Amino acid sequence: MTSHETPPAAAPRPEGGRDAFHPDLTRSAGPVEPLRARLHHIRADALDDGTAQTEGMRRFAAISGATVGSERIWMGQTHVSPRTTSSNHHHGASETAIHVVAGNPEFVFLDDSSGAPEEIRIRTAPGDYVFVPPFVPHREENPSPDSEAVVVIARSTQEAIVVNLPELYVLDTEQQPE
């Protein structure tokens, strides 16, 4: 299309705001909240460090209710300094997905599927992913003597839930909140 051509008109939407690609999408009669009506760009130098923390790591929020108005997801970064081990913790009812960006962090948890708790260590590399189910106590370690480990985290809850623990143990699944 050249600069003097008129762009094609958008196809009219049927009643109720639906279109052929989104037949179940309806818009409420009221105005859309400003944070929920547009895309958001969060610059790497604008991450929010005012989030739940665990000793031995630094968490930074990128996508949260406070930063963009999200309701069901939290996303950010975690940095673990060289030769550092985080405190033991879990993330409540939240599912957590982790993408390793830099370094070789290790994720440690107890597996009791054999009847006796056994410490499991997952060694990772940049590009790897780790899934942490709800209520699973774990810790992050960075054994590198000189390189920081950086991971991107996405959680199924709108904010970063962190429950710090005195030790690593297997939670009683019958006592977990629903």
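Predicted model: local features only at pLDDT ≥ 70, side-chain atom pairs only at ≥ 80, totals over all residues.
**Salt-bridge network.** I looked up which residues join up through salt bridges, and found E106, E119, R121, R123, R139 and E141 linked in a network. I counted a salt bridge where a side-chain nitrogen of Lys or Arg lies within 4 Å of a carboxyl oxygen of Asp or Glu. I number residues from 1 along each chain as its sequence is written, and side-chain values use heavy atoms, with hydrogens and water left out.

**R121 and E106.** I took this pair from the network. The side chains form a salt bridge at 2.8 Å, N to O. The pair links distant parts of the chain, with R121 in strand 7 (residues 118–123) and E106 in strand 6 (residues 106–111), 15 residues apart. I took helices (H or I, at least four residues) and strands (E, at least two) as DSSP runs, numbered from the N terminus. For exposure I used relative accessible area: buried is under 20%, exposed over 50%, and partly exposed in between, with a 1.4 Å probe and protein chains only. On that scale E106 is buried at 10%, whereas R121 is partly exposed at 27%.

**R139 and E141.** I then checked another pair of network members. Their side chains meet in a salt bridge of 2.7 Å, N to O. R139 has a relative accessibility of 13% and is buried; E141 is likewise buried, at 13%.

**E71 and R72.** I searched the whole structure and got nine salt bridges. One of them joins the side chains of E71 and R72, at 3.8 Å, N to O. E71 is partly exposed at 46%, and R72 is exposed at 63%. I noted the general point that side chains of opposite charge can pair when their charged atoms come close.

**Positive phi.** I also looked at backbone angles. R83 is not a glycine, yet its phi is positive, at about 50°. I placed R83 in the loop between strand 2 (74–80) and strand 3 (84–85). Its relative accessibility is 65%, which makes R83 exposed.

F135 is not a glycine either, and its phi is positive at about 65°. I found F135 in the loop between strand 8 (129–132) and strand 9 (138–142). Is F135 buried or exposed? I have F135 as buried, with a relative accessibility of 11%.
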